[in-house]
Amino acid sequence: MTDEIRSVLALFAGRGFDVRTFETAAQMRAAVLDAVPAGCSAGFGGSVTCQWALDLPQGLLDKGCTVYSHWRTPASQDPDIFRKENSADVFFTSCNAITLDGQLMNNDGFGNRLSAICYGPGEVYFLAGVNKFVPDYSAGMERIRHTAYPKNVQRLHEKAPCAGGGACIHCAKKLCETSGFTLSVTHPAQGRPFHLWVAEESMGF
C-alpha cells in the first residue's frame with residue numbers, strides 16, 4: 001500500500017470513518033463476518049467486490065443473518081427487494097473510485113445503491129481493493145467510464161456499445177448503466193457509522 005493511500009485513509013479516519021486495512025481479501029471477509037451481529041439484516045448494492053470477490057451474502061446467511069440482494073432474489077421474484085436492501089440494518093457496497101484527495105465515488109444505474117448510502121440502513125460498509133484508488137474526481141470519472149461501465153455491461157451480457165468499445169459514449173440506450181448519478185462521499189452521514197475497509201489486493205471493477 002502506497003504512502004498516498006495511507007495518507008488519504010488517515011484523512012477519512014479523521015473525518016469520522018471507521019478505517020481498517022487488510023493484507024488480503026480473505027482477512028477482510030473474516031473481519032466483516034466477525035463484526036456483523038448474527039441475526040441482523042444485510043442489504044447489498046450491485047457490487048462485484050462484496051458479492052463475488054468476498055462472497056459476503058453466503059457468509060452472512062451461514063451466520064444466521066437475513067440477506068437482501070437483488071442479485072440473489074431479482075425483482076421479478078420479489079418486487080420489493082430494493083426497498084428491503086435499503087432498509088436493512090447494514091448495507092454493503094464498494095466504490096467505483098476512491099480519490100487521493102478524499103472522495104468516495106459511486107455511480108449507479110438505478111439509484112438504489114446511492115440512496116442506501118445517503119439514507120436508510122443503520123450503517124454502511126465501503127469495501128474496496130487498492131485498484132480503486134485514483135488521483136482525483138476527474139480520474140475517478142475516467143475510471144468509471146473506461147473500467148466500471150464497460151465491465152459491468154459485459155457482466156450483464158448487455159448489448160450497449162461500451163461492452164465492446166471499452167468506454168462509455170453516452171449512448172442513452174435503455175440498457176445503459178449510466179442512468180444514475182455519481183455520488184461523492186466525504187464525511188459519514190450523521191448518526192450512521194460508515195466503515196471504509198481496504199484490502200491490499202485488487203477486487204472488483
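**Strands, aromatic pairs and cysteines in a predicted model**

Apart from its neighbours within four places in sequence, Thr99 contacts Val8, Met105, Val134, Pro135, Asp136 and Tyr137, a contact being heavy atoms within 4.5 Å. The structure is a predicted model, in which local features need pLDDT of at least 70 and side-chain atom pairs count only at pLDDT 80 or more, whereas totals for chains, interfaces and linings use all residues. Residues are numbered from 1 along each chain as its sequence is written, and side-chain values use heavy atoms, with hydrogens and water left out.

Thr99 belongs to strand β5 (residues 97-99); strands (E, at least two residues) and helices (H or I, at least four) are DSSP runs numbered from the N terminus. With a relative accessibility of 0%, Thr99 counts as buried, where buried means under 20% relative accessible area, exposed over 50% and partly exposed in between (1.4 Å probe, protein chains only). The side chains of Thr99 and Asp101 are joined by a polar contact of 2.4 Å. A polar contact is a pair of N or O atoms within 3.5 Å; within protein, one must be able to donate a hydrogen and the other to accept it, and residues adjacent in sequence count only if both atoms are side-chain atoms.

Strand β5 is part of an open sheet of four strands, ordered β8-β5-β6-β9 and with mixed pairing. The edges are taken by β8 (133-134) and β9 (183-185), each of which has a single partner strand, so one side of each is left without a neighbour in the sheet. Two strands pair if DSSP finds at least two bridges between them. Three bridges connect β6 (residues 103-106) with β9 in the antiparallel sense, and Leu104 stands opposite Val185 in β9.

Elsewhere, strand β2 (residues 41-44) runs parallel to β3, to which four bridges join it. Ala42 is placed opposite Val67 in β3. In strand β3 (residues 66-69), Val67 and Ser69 make up the covered face, while Thr66 and Tyr68 make up the uncovered one.

Rings of Phe, Tyr and Trp (its six-membered ring) pair if their centres lie within 6.5 Å; planes under 30 degrees apart count as stacked, over 60 as edge-to-face and the rest as tilted. By this rule, eight aromatic pairs are counted. Phe12 and Phe17 have ring centres 5.1 Å apart and planes at 80 degrees, so the pair is edge-to-face. Both Phe12 and Phe17 are buried. For Phe44 and Phe92, the ring centres are 5.1 Å apart and the planes are at 20 degrees, so this pair is stacked. Phe44 lies in strand β2 and Phe92 in strand β4 (residues 90-93), so the pair ties together parts that are 48 residues apart in sequence. Phe44 is buried at 0% relative accessibility, and Phe92 is buried at 0% as well. One aromatic cluster is formed by Phe22, Phe44, Phe92, Tyr125 and Trp197.

A charge sits over a ring if NZ of Lys or CZ of Arg is within 6 Å of the ring centre and within 35 degrees of the ring normal. The charged end of Arg20 is placed over the ring of Trp197, 4.8 Å from its centre. Arg15 lies over the face of Phe12, 5.5 Å from the ring centre.

The structure contains zero disulfides, a disulfide being a pair of cysteine sulfur atoms within 2.5 Å. The closest cysteine sulfur to that of Cys50 is in Cys95, 9.2 Å away and too far for a bond. Cys50 is buried, with a relative accessible area of 0%, and Cys95 is buried at 1% relative accessibility.
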